Amino acid sequence: MKLTFKILFLSLLLLIPLHIDAAQEYKFVGEFGGKGEGEAQFAKTLSMAFGEDGNIYITDTDNFRIHKYTETGNYVFQIRVDESSDFRFINPTALTIGTDNAIYVMDWLLKHIPETGSPKIFNYGPCVHKFDPQGKFIASYPIQDLSKRVNNLEAAAPGLDSEGNYALIIPHGDTKREFLLAVDNNDTLYVCDDGIIYRLDATGKPTTHFAISQPGAGQVIHPADMTVDKNGNLYIVDERAHRVVQYGSDGKFIRTFGVYGDGDGEFMSPHRIVFLKDGSLLVADKAKYIKDFVSTLPNRLDDPTPRYDGFSRFFRYRLRRIQKFTHDGRFIRQILVPFQREAEEDVDLKLRGIDRNGNLYYLNTSYLTFRKYAPTRSIFSSMFQTELKFRLTRDIHDIEIDNQDDLDADLYTRADFDEQIIQDAVNANITFSYDFNEDYRLALSNRLMLIRMTDTSYYRAQDFEDFRGTFNQDDRSTETSWDNRIQLDFTWIRNHSVYNYREARAYVYFSTTNLDFINDALDRSNSRFFDFTAKLSDWGGGLYYDLSRKIRLNFEITHFFGKNNYTYIDETDDLYATGFQQADTLRAVLFINGFF
């Protein structure tokens with residue numbers, strides 16, 4: 001027995017990882033915003049940026065304005081166009097905040113080409129609007145030279161100038177393209193536009209530009225976000241190539257890090273990156289994990305969780321992750337974002353921003369509210385699950401049997417045989433489960449069941465020829481039993497892919513059962529008495545391990561042992577029989593399940 005326990009214990013140790021860090025996760029701390037056109041309300045197209053002081057800035061493209069909030073989500077002010085404005089919002093999108101809390105936002109600018117009239121000709125190109133910390137307009141900085149006339153006017157579109165006269169507008173490139181914007185500690189601006197990085201100094205003057213596709217860097221397919229560190233190094237997340245590309249302050253390629261996957265240091269479509277105050281990088285990708293918790297609780301009528309069978313239901317965790325790196329791309333840790341298990345609206349949350357303290361901002365796309373999540377180090381993860389089920393039942397059965405052919409005087413008034421069975425049952429289940437992260441779960445469960453049953457029988461007819469027929473055989477049976485089972489489970493999801501899902505599980509349990517059965521005659525002249533007691537125990541454990549998607553290795557050990565005693569005294573008060581039984585069985589099984 002000791003050797004068997006050691007085998008199970010060592011097997012469990014082999015499965016338990018040594019790098020579990022359960023305290024690293026995000027927790028929900030607040031919500032702000034909403035759908036609409038009023039103060040502190042948004043339309044659909046939104047961009048976020050954050051100041052050094054933690055203030056939140058949001059570009060509301062469809063409502064042509066910029067909102068400012070405190071770090072706790074309290075509304076401060078908005079920047080919008082009015083009759084006294086020296087600027088015009090045409091299509092404001094990406095924004096960034098300087099170290100002095102100056103506000104920069106990407107937009108488009110109409111620039112009249114000198115010496116053109118009848119009609120006037122305007123260049124239409126991207127620019128950066130600058131505002132002071134109070135939202136006062138300072139200047140607009142074109143990222144290209146919009147003062148020169150383009151000889152080929154085939155792309156020109158008709159329009160009206162400020163005086164209502166016919167004019168020609170020449171767009172510089174696709175007007176629907178997206179931009180990325182960042183600023184460093186020296187207020188140098190970096191604009192990513194169609195595979196080119198434009199750098200502007202603190203006065204808004206373009207100083208240089210360089211291509212993000214360089215020797216050694218490979219082809220950058222889709223820049224999704226970018227950030228700049230305190231030394232002027234630029235980091236771009238390449239969403240389609242599943243990596244981060246780093247450039248030096250001189251614009252030259254330095255390195256890439258990350259490959260496709262959901263492991264540590266790997267990415268699945270990265271789309272957000274930020275340089276934190278502590279000098280590290282946070283990168284968010286689209287990897288997600290789903291973990292089901294099997295429950296034995298009955299379904300409510302309005303239960304939003306899916307039901308897979310008639311006896312149980314599943315609670316579901318939806319986990320996102322944020323990965324932390326050093327400035328040179330070395331992996332530090334992974335931090336999980338667990339969403340509420342029964343809140344279906346959390347499924348549609350989209351990450352829209354990460355501030356320099358590492359807080360996350362998810363947008364509810366249905367209500368246009370932002371939900372803030374802060375990193376935390378708690379003793380217990382929010383994925384600590386408790387479940388308690390307590391059930392008390394009483395069943396009553398009445399049985400009457402009347403022989404219609406016996407022609408007795410009690411026909412239809414008094415049955416030949418009456419029986420009443422009353423059973424009371426108490427069932428209690430308690431489960432504690434703990435998800436260390438997206439891979440590992442530990443669960444401890446205890447099931448306790450107590451049953452008490454009485455069976456009272458009345459025999460009206462006495463037609464026996466032996467001596468027992470002279471005794472009244474009415475009797476009552478009383479059975480009391482209780483069962484207690486404790487089980488510990490450890491589950492390791494080895495591969496989350498739906499195409500190559502694999503897991504391993506180890507479990508140990510111990511259970512005991514006590515049974516006491518007594519049958520006693522009701523008539524005082526009948527001494528018949530039967531007493532049966534049993535004490536049974538079993539312990540066991542096992543593990544299974546997915547060798548591949550189709551083949552599972554199983555190992556199981558069970559040990560059953562116990563004994564029972566019985567005593568039977570007949571109707572005349574003589575000891576008729578007595579005895580006992582004892583069992584001790586050990587079973588070990590190794591088998592392989594597979595399907596092809």
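A salt bridge, as I use the term today, is a side-chain nitrogen of Lys or Arg within 4 Å of a carboxyl oxygen of Asp or Glu. Hi everyone, that's our way in.

Some housekeeping. This is a predicted model, so local features need pLDDT of at least 70 and side-chain atom pairs count only at pLDDT 80 or more, while totals for chains, interfaces and linings use all residues. Residues are numbered from 1 along each chain as its sequence is written, and side-chain values use heavy atoms, with hydrogens and water left out.

Okay, salt bridges. How many does a search of the whole structure find? The search turns up 17. Take D238 and R243: their side chains meet in a salt bridge, 3.3 Å from N to O. Both D238 and R243 are buried. By buried I mean under 20% relative accessible area; exposed is over 50%, and partly exposed is in between, with a 1.4 Å probe and protein chains only.

Next up, R371 and E31. They form a salt bridge too, with the closest N and O atoms 3.8 Å apart. This pair links distant parts of the chain: R371 is in strand β26 (residues 369–377) and E31 is in strand β1, 340 residues apart. When I say strand, I mean a DSSP run of E with at least two residues, and strands are numbered from the N terminus. Buried or partly exposed, which is which here? R371 is buried, because its relative accessible area is 11%. E31 has 44% relative accessibility, so it counts as partly exposed.

There's also a network of salt bridges, linking D475, R528 and E571.

D285 forms a salt bridge with R321, and the closest N and O atoms are 2.7 Å apart. This one links distant parts of the chain as well, with D285 in strand β21 (residues 281–295) and R321 in strand β22 (residues 313–325), 36 residues apart. D285 has 4% relative accessibility, so it counts as buried. R321 is at 1%, so that one counts as buried too.

And R321 has another partner, Q334, through a side-chain polar contact of 3.2 Å. A polar contact is a pair of N or O atoms within 3.5 Å; within protein, one must be able to donate a hydrogen and the other to accept it, and residues adjacent in sequence count only if both atoms are side-chain atoms. Q334 lies in strand β23 (residues 331–339), and its side chain also makes a polar contact with the side chain of E438, at 3.0 Å. At 14% relative accessibility, Q334 counts as buried. Which residues is Q334 in contact with, leaving aside its neighbours within four places in sequence? Q24, D264, Y289, R321, I322 and E438, where contact means heavy atoms within 4.5 Å.

Let's move on to sheets. Strands of a sheet pair through backbone hydrogen bonds, either parallel or antiparallel. In this talk, two strands pair if DSSP finds at least two bridges between them.

Look at strand β13 (residues 189–193). Five of its five residues are buried, so β13 is largely enclosed by the rest of the structure. In a regular strand the side chains alternate between the two faces of the sheet. In β13, L189, V191 and D193 point one way, and Y190 and C192 point the other way.

On one side of the pairing list is strand β12 (residues 179–183), which pairs with β13 in the antiparallel sense over five bridges. There, L181 has V191 as its bridge partner. β13 is also joined by five bridges to strand β14 (residues 196–200), again antiparallel, and Y190 is partnered with R199.

Most residues other than glycine have a negative phi. D187, in the β12 and β13 hairpin with its five residues between the strands, takes a positive phi near 65 degrees. The hairpin of β13 and β14 has two residues between the strands, and D194 in the turn has a positive phi of about 55 degrees.

How values were computed
Helices (H or I, at least four residues) and strands (E, at least two) are DSSP runs, numbered from the N terminus.
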